[in-house]
Amino acid sequence: MSRVEAVYMAASTNRYFQAADISPSGIVAFGSGSLVALWNAEASNDPLDRGVYETLPGHEAPVSCVRFKTEDAFWNSRAVHQGHQGSVASLVVHGELIITGASDSTVKVWRIPQNETDSLSEVQTISMRKGFPISLALAELPGTKSLLLAIGSTDRNIHLWTSSEGTFVQAAVLAGHEDWVKCLAFRTPESGSDALILASGSQDANIRLWNIEPFTKATFAPSSGSTSEVTDELLDAFEASLVNLEDSEDGGRQISLKRHILTVKTQQNSQLFSVTFDALLVGHEAGVTSLSWRPQASPSSTPTLLSTSTDSSLILWSPSTVLTSSTDDTTLWINRQRFGDVGGQRLGGFVGGLWVRGGSDAMAWGWNGGWRRWRCRTPESEAGQGPALEEWSEVGAITGHRAPVHSVAWSPGGEYLISASLDQTTRIHGAIPTTASDGSSVLVWHEIARPQVHGYDLISAAFLDPLRFVSIADEKVARVFEAPREFVEIVNNLNIAALDTNEENRPRAAAVPPLGLSNKALTDASAVSEVNGDVDDARTRRRPFEGELAAVTLWPEIEKVFGHGYESIALDVSNNKQYIATACKATSAEHAVVRVYETQTWQPVGMPLAGHNLTVTRIAFSPDDSLILSVSRDRTWRLFERSEDSGYVPVAADKSHGRIIWDCAWAPEGDVFATASRDKTVKIWRRADGEDRRWTAVATIQVKSAATAVAFAPRPADSKSRTLAVGLESGEILLFASPRETPSQWSCTTTVDTRLAHVDQIHRLAWRPTGDHDVQQLASCGEDGTLKLLTVHIADTE
């Protein structure tokens, strides 16, 4: 029985501002496609910073909201409830209550049952007469157990509802924003004298702060005067709260300083609360996407608000301790820190942000799904004197593809692996030796380069040598890239691999020209500094941050390979790295050909390999490169053998599968190959010993869903068994074993379920070229957008 454990998971975060949340112990849970990914961001829990350690399946569509209620060591699905007619846009949890807002213009209140076997019970449905509820916030009113629900809507208003005897009733409508109210956050008072603060962020690029406090006569009491004057002022304030805010003559919205009065009724009495506009925070240049209050280290700590925006900036706001007048009722908030990209050149900016490590780390995830993280350091000698003394610096976070990953391949020596995705990027992932708490060295995987950021969806990539790779995209051209000097320095400095190369002859970096698709080499120092900033040796001694990966780690393009008439679909590189074979989308035999090129001059080798009638889905060179195997949508596989005079010539074909053949793979010995098909079978083929030497199916492995990927594990020469990994359309990975001498006998040794593998179609499986006799590493990628690296402990069988 084989044993499997996860080593590395690369997953991006969905483009929803409530798609991530953090638990009290520092576990970050975020939606990644239809999965919920768990990342231990607390240094004390994971000092090695391994990134995502688990993914939770269950949803059938992209996860839009994630909120913690409790924590558990092992997570299981407790309840599944269809709550709305439209997609859920916002979610808030308080005690046993769950409140959801959806695109069906309703907000629903649910109660979590005490018995785990019972389902959620619906308590109340709030219908929004105008607009959609896109943000929610919930808090207890000061000094009471009554709840205040704030609903941000597309009608540009904030709707306040108070709980009265278990039911929410509408209390007030806060006007002022000029666009959708996309995010809300309450700051609970640290002491009885503090007010409850509501922060609201809008697509109008502004943040508004509202104070909510008990409504008493003292609130409006003048320094001197009669009781009648106080009563008149109270009545005036109450009447003003009933007047609707109107647009000004120039079409803009006027700042309203009026007070809104909330009445909360309980069984004993009723209590009044006032809601007043306190501050307008102006600093973002585009819509505000999320707000988060910093956890308070002590009651005297300065309140700090984190805001993110589509202008690619993250701002920390706090009250000014110098400029605020002691006699003024309002508070002056200032921009303490600003992180991100100047000018907002990153497409989409930041989607959401969180505080981690008790408020010492500020994090945000971007439009492309990767996280950026900044860490605060307060000088010990000056600690406790306010936030102005804080020093912030960026540290590493996690990254991942934001679209289906179609290809994963190892470098020739297994030093690192490259992935290609429909998010139009190729990414290189490497294992960085990291010192553990006991002094031992542990390999921790991270993304170390993003060599290609393209204008077309990328389909496949494969290494020619440790510093060159070829990729194909949804275009007719194959492109060849060579590593720049900066990548070589990163790999060598981080001890990922020892690359012995003449660095001085390499370009320093690469850049994509405006309106271009080809990465151009940068050798001139001024050109490099203009794109990548000044050359910094310290940058090559740490892993690149998310903001640097797309700009600093590009590889120069050195060759284009033409030949196909339609978009490329399949690619393979020979084992001796002297040839590549490509295929394109096809609906006729004329284009359903495999073209072979040699990698020195990039000229065609022989004639195109014809025979298929529809698109070739996968190509595989035999271990000695004497044969090329191709499989196709026409349900056939074909073999082409190397000829001394005319390249490769056809030698065998078969049409035994009943549906499309998705993948094929050769056994390391070269005597057996496997084909995986949508007909839910994997067939094992071997050349007969007779005179005709025909290839026949010696085994048919039945699986429970379509087989979409297949790969043989590398085994030592003295091994008595073979190991075959099969990826399914359902996302599971099956491991089969067979005696080496009898490939007709296969037994399933392990099933890697969707919790450890994938939840959608697996596109590619790739075993690491190097490994121990019994311990191998298997990389997989799939339609769910994740890339996973598993360690497989193989039990040798007779």
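Which residues lie nearest the centre of the largest cavity? Select A397, I398, T399, H446 and R543; they are the ones nearest the centre among the 20 lining residues.

The model is predicted: local features need pLDDT of at least 70, side-chain atom pairs count only at pLDDT 80 or more, and totals for chains, interfaces and linings use all residues. Residues are numbered from 1 along each chain as its sequence is written, and side-chain values use heavy atoms, with hydrogens and water left out.

**Stop 1: the largest cavity**

Stay with the selection. A cavity is a set of points, on a 1 Å grid over the protein atoms alone, where a 1.4 Å probe fits but cannot get out; lining residues have an atom within 4 Å of a point. The structure holds three cavities of 30 Å³ or more, and the largest contains about 150 Å³ of space. Grid points are joined across faces, edges and corners, and a volume is the space filled by probe spheres set on the points. Now colour β1 (3–10), β30 and α5 (546–552), the elements that each give two or more residues to this lining. Helices (H or I, at least four residues) and strands (E, at least two) are DSSP runs, numbered from the N terminus.

**Stop 2: the largest nonpolar core**

Select Y416, I428, F487, V491 and W555. These residues have the most contacts inside the largest nonpolar core, which has 25 residues. A nonpolar core is a set of buried Ala, Val, Leu, Ile, Met, Phe, Trp, Tyr and Cys residues joined through side-chain atoms within 4.5 Å. Buried means under 20% relative accessible area, exposed over 50%, and partly exposed in between (1.4 Å probe, protein chains only). The elements that each supply at least two residues of this core are β28 (416–421), β29 (425–435), β30 (441–453), β31 (458–465), β32 (468–473) and α3 (485–493). The largest share, four residues, comes from α3.

Centre on I428. Leaving out residues up to four places away in sequence, I428 touches (heavy atoms within 4.5 Å) a set of residues including Y416, H446, F463, F487 and W555.

**Stop 3: helix α3**

Why is α3 largely enclosed by the rest of the structure? Seven of its nine residues are buried, so the helix is largely enclosed. Select R485, E486, F487, V488, E489, I490 and V491 to see the buried residues. Their cover includes β28, β29, β30 and α5. Just after the helix, N495 takes a positive phi of about 60°.

**Stop 4: S568**

Next, select S568 in strand β37 (residues 568–573). S568 is buried, at 2% relative accessibility. Among the residues that S568 touches, not counting those up to four places away in sequence, are I459, I472, K476, V477 and C584.

**Stop 5: salt bridges**

A salt bridge is a side-chain nitrogen of Lys or Arg within 4 Å of a carboxyl oxygen of Asp or Glu. By this rule the count is 31.

- E54 and R755: the closest N and O atoms are 2.7 Å apart. E54 is in strand β5 (residues 52–56) and R755 is in the loop between β51 (747–752) and β52 (762–767), so defined by DSSP runs, and the two are 701 residues apart. Both are buried.
- E390 and R294: the closest N and O atoms are 3.1 Å apart. The two residues are 96 residues apart in the chain. E390 is buried at 15% relative accessible area, and R294 is buried at 14%.
- D465 and R468: the N to O distance is 2.9 Å. D465 is partly exposed at 24%, whereas R468 is buried at 18%.
- D423, R427, E447, R450 and E546: these are linked in a network of salt bridges.

**Stop 6: the largest pocket**

Select H59, C65, A79, V80 and L91, the closest to the centre of the largest pocket among its 49 lining residues. A pocket is an open set of points with protein on both sides within 12 Å along at least five of seven lines. The volume here is about 2,200 Å³. Strands β4 (35–40), β6 (88–94) and β7 (97–102) give two or more residues each to the lining, and β6 gives the most, with four.
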